[in-house]
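Reader: I am new to reading protein models, and I would like to go through one slowly. Could we take the sequence and the structure together and work by question and answer?

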Amino acid sequence: MNNSVRSTARLVGAGLRALLVLTVVCGVIYPLVVTGIAQAAFHGKANGSEVTVDGKSVGSERLGQSYNLPDKKDKDGNPLPDPKYFQPRPSAAGPNAENTQYKLIVSGASNLAADSKTLLDAVKQRRADVAAFNHADPSAVPVDALTASASGLDPDISPAYARLQAKRVAEANGLPAATVEKLVEDHVDGRILGFMGEERVNVLKLNVALRELAGAGGKR
């Protein structure tokens, strides 16, 4: 075997050994270490930030979802929102064949331009629908009730939108309005680190607390 062949064999052997070592380190050891740290230090977040009720998962606090009446649709085939629940902002993640929004597989925005007639007409219709659904003045409807998020899966709404819905939710659940309004205020999350972003209300956590409150007859 000449020097050239021996040199090539050594390079191939070194390359294979490096591949094996890096595969074990990067493909086995590193993922196990990172997963272990995540499970130990951030167990809830590492497992999807699930929200459970009576031991059953009802969703993730990081992902928005719809709260509609079962098998109830309007004349256009769109699911009707359940008046007993706080509603999220509109979603562009959908609709599918059943006009269902908040579909994880199609997460995304509408990509409509700010001057799009389609968008402007949709906002105008949403304003009228939200105002009628909540028995409110159209001018009181906040912007997050009219536009979808970039992901279409925003789990939060503004405190203003939650407050707008409080009276309707209280009436639908047979609860005092003041009690539901206080529930909303208790679920307002402040700005991140005190200065980043805006105040927000997580819709899923608010609705879970609402059901607990309704089940307790409005007593806290």
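This is a predicted model: local features need pLDDT of at least 70, side-chain atom pairs count only at pLDDT 80 or more; totals for chains, interfaces and linings use all residues.

Reader: Is N202 buried or exposed?

Author: Leaving aside residues up to four places away in sequence, N202 touches E61, P155, D156, H187 and D189. Its relative accessible area is 4%, and the term for a residue under 20% is buried. N202 is therefore classed as buried.

Reader: Which residue stands opposite N202 of β7?

Author: N202 is found in strand β7, residues 200-202, and this strand pairs with β5 in the antiparallel sense over two bridges. In that pairing the residue opposite N202 is D156.

**The sheet and the helix across it**

Reader: What is the order of the strands in the open sheet of three strands?

Author: The edge strands are β5 (156-157) and β6 (188-189), each of which pairs on one side only. The pairing in this open sheet is antiparallel, and the order of its three strands is β5-β7-β6.

Reader: At about what angle does α6 run to β7?

Author: Helix α6 covers residues 203-215, and it lies across both β5 and β7. Its direction relative to β7 is given as an angle, which is about 60 degrees.

Reader: How many residues of the contact of α5 with α6 are nonpolar?

Author: The axes of α5 (residues 177-186) and α6 come within 10 Å and cross at roughly 145 degrees, and the crossing is right-handed. The contact is made by T179, L183 and V184 of α5 together with L206, A209, L210 and L213 of α6. One of these residues is polar and none is charged, while the number of nonpolar residues is six.

Reader: How many charged residues does the contact of α4 with α5 have?

Author: Helix α4 (residues 159-173) packs with α5 at an angle of about 145 degrees, with the axes 8 Å apart, and this crossing is right-handed. The contact includes A162, R163 and A166 of α4, and E181, V184 and E185 of α5. By class there are seven nonpolar residues and no polar ones, and the charged residues number three.

**A hairpin elsewhere in the chain**

Reader: Which residue of the hairpin of β1 and β2 takes a positive phi?

Author: Strand β1 (residues 50-53) and strand β2 (residues 56-60) pair in the antiparallel sense over four bridges, and T52 stands opposite S57 of β2. The hairpin has two residues between its strands, and the residue with a positive phi, near 55 degrees, is D54.

Terms used
Residues are numbered from 1 along each chain as its sequence is written. Side-chain values use heavy atoms; hydrogens and water are left out. Axes are lines fitted to C-alpha atoms, for helices over the stretch in contact, and angles run from 0 to 180 degrees between N-to-C directions. A crossing is left-handed if the near helix is turned anticlockwise from the far one by less than a right angle, and right-handed if clockwise. Contact means heavy atoms within 4.5 Å. Ala, Val, Leu, Ile, Met, Phe, Trp, Tyr, Cys and Pro count as nonpolar, Asp, Glu, Lys and Arg as charged, and the others, Gly among them, as polar. Two strands pair if DSSP finds at least two bridges between them. Buried means under 20% relative accessible area, exposed over 50%, partly exposed in between (1.4 Å probe, protein chains only).
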